[in-house]
Structures are given as structure tokens and as C-alpha cells.
Amino acid sequence: MLVRHRKISSKVLAKFAETEIKVPSFKEVFEFCRGTYSLELFRKSELLILELLGWELKTITAIQFVHFYLSKGCTFSTDKCYIREIDAKLLRYLRKYAEFFVDLSLQDYEFVEFNAHIVACASIAGARKAVGLLPLWNEELEELTQTSWDEIDKCFRALYK
């Protein structure tokens, strides 16, 4: 039964974190599973999961934290870049690398020990390193994220190894 819930719970999470157009319908999931589970089982399982969670779906993911912090700005006038000048192209790369590091954290069980906020901060630090920004973490980032380097260092090292 646990395996069934895992498969079905990913649909519940997709409904929570994605736009409606990206969420597969029950029929599409049913067809993907080649009829292994009935449509009624999908419906009942989704409701059971929601009831077990008390309809509390207030999870913020690492990618949501990253997008929030990037929208506030993760480069500063005191930053130095040893690869190129800080311009729009560098900012695009910063975003892509931050998203890459979040994706990377989802592929390794090692990152389960870190909460989403720490993964997001470490991903931003990793992105800053990838595009050549120094320092990797500064007072402005500490103030923005309310997180110190000591809090993200272990996660950063795991992401950047």
C-alpha cells in the first residue's frame, strides 16, 4: 500500500507546486500506469493523503526560496567577479546555476538532512561560485536570507563536491 501512496502522492504534490496545466489528469495517470490502479483508487488515495495531512499543504520548496531570493537580488555593488563583468548575462547564468544546484540536491539522498531553506541558500552560494562572484556569501545575503555561512557551509560543500 505504501508504494501506491508514493506514486499517487506525487500527483498531489504536483497539484500543489505546479500550475494546473502541468498536472496530469487522473485519466492520464491511469493510462500511464496501464490500468494497474483504478481511477477510483486514485481519487480515494488523493483524498486519504489530504486528510492524513489535515489539508495542510504549506510546504515551501527549495526552488521557491531560490526564486524568491533571486527576485530580491543576489548580487551587490560590493561583489567582485573574476570571470566577467556583472551584467544581464551573468544574472541569467546565476539563476540557471541556482536552479541546477537545487535540482542536483533532489537527486541525492544526502540532502534529505537539510531543510529547503538551507538547500536554497547553498544553491545560491554555489551559483555565485559558478559565475565567479566573490564573496560567496556576504552580509547582504545574510540579511536577505536570515542565514549565516556557518548554517549553509555543510550543504554547500555537499553540493559543490
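Helices (DSSP runs of H or I, at least four residues) and strands (DSSP runs of E, at least two residues) are numbered here from the N terminus. On that basis E40 and R43 both lie in helix 3 (residues 39-52), three residues apart, which is about one turn of the helix. The structure is a predicted model, in which local features need pLDDT of at least 70 and side-chain atom pairs count only at pLDDT 80 or more, whereas totals for chains, interfaces and linings use all residues. Residues are numbered from 1 along each chain as its sequence is written, and side-chain values use heavy atoms, with hydrogens and water left out.

**Overall architecture**

- The chain contains eight helices and two strands, and, read along the sequence, these elements follow the pattern α-α-α-α-β-α-α-β-α-α.
- Of the 161 residues of the chain, 35% count as buried, where buried means under 20% relative accessible area, exposed means over 50%, and partly exposed lies in between (1.4 Å probe, protein chains only).

**Salt bridges**

- A search of the whole structure finds seven salt bridges, each defined as a side-chain nitrogen of Lys or Arg within 4 Å of a carboxyl oxygen of Asp or Glu.
- Side chains of opposite charge can pair when their charged atoms come close.
- Another salt bridge joins D87 to R84, with the closest N and O atoms 2.8 Å apart; D87 counts as partly exposed because its relative accessibility is 24%, and R84 counts as partly exposed at 31%.
- K154 forms a salt bridge with E113, the closest N and O atoms being 3.0 Å apart, and this pair links distant parts of the chain, since K154 is in helix 8 and E113 is in the loop between helix 5 and helix 6, 41 residues apart.
- Within that pair, K154 counts as partly exposed at 46% relative accessibility, whereas E113, at 51%, counts as exposed.

**The second largest pocket**

- About 250 Å³ of space lies in the second largest pocket, a volume being the space filled by probe spheres set on grid points that are joined across faces, edges and corners.
- Of the 15 residues that line this pocket, the closest to its centre are A62, V102, S105, L106 and V119.
- On a 1 Å grid over the protein atoms alone, a pocket is an open set of points where a 1.4 Å probe fits, with protein on both sides within 12 Å along at least five of seven lines, and lining residues have an atom within 4 Å of a point.
- Helix 4 (62-72), helix 5 (88-105) and helix 6 (116-130) each supply at least two residues of the lining, and helix 5 gives the most, with three residues.
- The lining divides into 10 nonpolar, three polar and two charged residues, where Ala, Val, Leu, Ile, Met, Phe, Trp, Tyr, Cys and Pro count as nonpolar, Asp, Glu, Lys and Arg as charged, and the others, Gly among them, as polar.

**Contacts across the sequence**

- H67 has its place in helix 4 and counts as partly exposed at 29% relative accessibility; H67 and A98 are 31 residues apart in sequence and 8.9 Å apart in space, C-alpha to C-alpha.
- Y93 is found in helix 5 and counts as partly exposed at 38% relative accessibility; Y93 and A130 are 37 residues apart in sequence and 8.7 Å apart in space, C-alpha to C-alpha.

**Nonpolar surface patch**

- Y82, I83 and L134 make a nonpolar surface patch of about 330 Å², and Y82, placed in the loop between strand 1 (80-81) and helix 5, counts as exposed at 55% relative accessibility.
- Patches are made of residues with over 30% relative accessible area and no salt bridge, nonpolar side chains (Val, Leu, Ile, Met, Phe, Trp, Tyr) being joined within 5 Å and like charges within 9 Å.
- Accessible areas come from the Shrake-Rupley method with a 1.4 Å probe, and for residues only the protein chains shown count as cover.

**Backbone features**

- Most residues other than glycine have a negative phi, and most peptide bonds are trans.
- The peptide bond from L134 to P135 is cis, with omega near -5°, and P135 lies in the loop between strand 2 (133-134) and helix 7 (139-145).
- Q146, in the loop between helix 7 and helix 8 (149-159), has a phi near 55°, a positive value in a residue other than glycine, and counts as exposed at 63% relative accessibility.
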